[in-house]
Amino acid sequence: MNICLVGVNHRTAPVAIREKVAIRAGRLNEALQLLRSHVSPGLILSTCNRTEVYTATSGASYAEAAILAFLRTHLDAPEATLLKHTYVLNDKAACEHLFRTACGLDSMIVGEYEVLGQVRQSLEAADKSRMVNLPLRHLFQRAIRIGRRVREETEISKNALSVSSVAVDLATEVIGDLTSCKMLVIGAGEAGRVAAKAAKDRGVSRITVVSRTKERASKLATALGGQPVSMDRLVEELDSCSLVMACADAPHYLLDIPQIETVMKRRPGLPLVIIDIAVPRNVAPAVSQIKNVFLHNIDALSLVAEQNRKQREGETQRVAEIITAEMTEFSTWWQTFEVRPVVRALMKKAEEVRYSQLNKTLKRLRPLSDEERDSLEAMTKSIVTKLLQDPINYLKTNANNNGQYAELVNKLLGLEVEN
Ligand SMILES: NC(=O)c1ccc[n+]([C@@H]2O[C@H](COP(=O)([O-])OP(=O)(O)OC[C@H]3O[C@@H](n4cnc5c(N)ncnc54)[C@H](OP(=O)(O)O)[C@@H]3O)[C@@H](O)[C@H]2O)c1
C-alpha cells in the first residue's frame, strides 16, 4: 500500500495558478465525487496556501497519474504548466509533509492555527463522501493530534499570526496610520472575521462588512460596532472607503475594472488600497493598472511572512524533533498494518490445522470428560500461539515497505491472504 500526495502550494505556484486548482469549501463534496472517478480512496486538502490530494492505494504511479488527471480538470492550462507547479511525495515523505502542514510549518504564516481546522475539515468531508480508508484516516487523525501537541508543547503558535492579521499589517505598511481609515471587508466568514477584528485592534474605527448573506454581514458588523451593507451596494460603498479587505469565497471576481474605474472617477485623487487574500481572488488583477488603486494579493504577504518565519526558527526546530519522533511511531503502525493480512491468514491457517488435527485425535480416543477436552483444547491453542508468536513479532517489526518478509511467509506456507 502506498500513500501518494500530489499538490500545488504557495512555494511552488503563484496565486494565479493556485486559484485555478483551489477547491472552495462549498464545492468540496462535488470535487471528492470527481476525484472518485479518477482514484479512490482519496482526500483533498485545499486552503489558500495549497491544494493537495492524498491517496492510499496499492499503486503509487497509478495514483500519481490519477491525481494529476483530476487536478488537470480544474486547471485550464497545458499539462506542462501543471507539472511545473506540482510536487509528488510518496509514503514517508508524504506523511511527514502532512504532519508539518498540520503543525503550521508548511504555511506561508508559520505557526498559524487555521490550517489545523482545515486538515480536520478535509478529513470530515472525505469521510462523509466515503473516500477514506483506514490508513488515510489514521494518517490524518495522527496529523491532527500532532498539530495539537506541538501547539501545547512548543511556542510555535505563541501570539500566532494569521493571513488575515498579516494582511492588516500590510495595510499599515502601505497606508501608515489606519485610525482614520474607513475599511470595507468583503466576506463575513472566518478570514473576514479575523481581518476585521485585527483592523479594529489596530484602531480602525469605521468598518463596513459586505457579505453574500445579509444576516452574516450584520452579525459580524454588529460584533465590531460596524455597518453591514448588502452585496448589491458593494460598488457604491467603495466611494467612501480607503481600504478594502477582500475575503469572500467566491468563484469569480467580485470587483473588476469597469466597477473600480467608475468608483475612482467619483473620488478623484483619493487612493484606494485593496488587499485581496481570497483564493480564488475576489478582485481582477488588472485593477492594479488603474491610477491611485493599490492592489495586493495574498502572495504580497510573503515579506511579513518571512519575518514571522525567522522569529519562529527556534521553535520550528523543536517541532521538527516532535515530528521525527511521531514519524517513528507512525512507521511502526504502518509496518504492522502492512503485514496484517498475512498475519491474519497465518493465524487462520494455524487455527484450521489445529482444529482439524484435534478433532481427528478426539475421534480416535475414548470419550473424554469436559475437563479433559478443555485441557487438550488449551494445550493445542497454546502450542499454536507459542509457535506463531516469534514469527508474527518478527513480521511486525521487520516488514519493510515492499512487504518482502510477508510475501516470503505467504509463499512458504501457501497462505490465502485477503487484503
Ligand atoms: N480562513 C482563513 O484562514 C483564510 C486565510 C487566508 C485566505 N482565506 C481565503 O479567504 C476566502 C474566504 O475564506 P473563509 O475561510 O473566510 O471562508 P468561509 O468562512 O467559508 O466564508 C466564506 C465567505 O465568502 C462568502 N461567499 C461564499 N460564496 C460566495 C459567492 N459566490 N459570492 C460572494 N460571497 C461568497 C460567504 O458569504 P455568506 O456566508 O455571507 O453567504 C462568506 O462570507 C477564501 O478564498 C480563502 O481561501 C482564508
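## A salt bridge between Arg18 and Asp299

Arg18 and Asp299 pair through their side chains in a salt bridge, with N and O 2.9 Å apart; the term stands for a side-chain nitrogen of Lys or Arg within 4 Å of a carboxyl oxygen of Asp or Glu. This is a predicted model, in which local features need pLDDT of at least 70 and side-chain atom pairs count only at pLDDT 80 or more, while totals for chains, interfaces and linings use all residues. Residues are numbered from 1 along each chain as its sequence is written, and side-chain values use heavy atoms, with hydrogens and water left out.

The domain assignment (bounds from an automatic or database source) gives domain 1 as 2–156 + 312–328, domain 2 as 163–304 and domain 3 as 336–362 + 405–414. The C-alpha centres of domain 1 and domain 2 are 29 Å apart. Eleven residues of domain 1 contact 13 residues of domain 2, contact meaning heavy atoms within 4.5 Å.

Together these two domains bury about 1,300 Å², with 63% of it on carbon and sulfur atoms; buried area is the accessible area (1.4 Å probe) that two parts lose on being put together, summed over both. Val15, Glu19 and Arg24 supply 43% of what domain 1 buries against domain 2, more than any other three residues. Three salt bridges are counted between domain 1 and domain 2.

## Salt bridges elsewhere

The whole structure holds 28 salt bridges. In one of them, Glu329 meets Arg142 at 3.3 Å, N to O. This pair joins distant parts of the chain, with Glu329 in helix α14 (residues 313–364) and Arg142 in helix α7 (residues 134–153), 187 residues apart; helices here are DSSP runs (H or I, at least four residues), numbered from the N terminus. Arg142 is buried at 10% relative accessibility, whereas Glu329 is partly exposed at 46%. Buried means under 20% relative accessible area, exposed over 50% and partly exposed in between (1.4 Å probe, protein chains only). Both residues belong to a salt-bridge network that also links Arg145, Arg149, Glu153 and Glu326.

Another pair is Glu313 and Arg309, whose closest N and O atoms are 3.3 Å apart. Glu313 is partly exposed at 43%, and Arg309 is partly exposed at 32%.

## Around His97

Now for a histidine: His97 sits in helix α5 (residues 91–102) and is buried, with a relative accessible area of 12%. Leaving aside residues up to four places away in sequence, His97 touches Leu5, Asn9, Glu52, Tyr54, Tyr87, Leu89 and Asp106.

Conventions
Helices (H or I, at least four residues) and strands (E, at least two) are DSSP runs, numbered from the N terminus.
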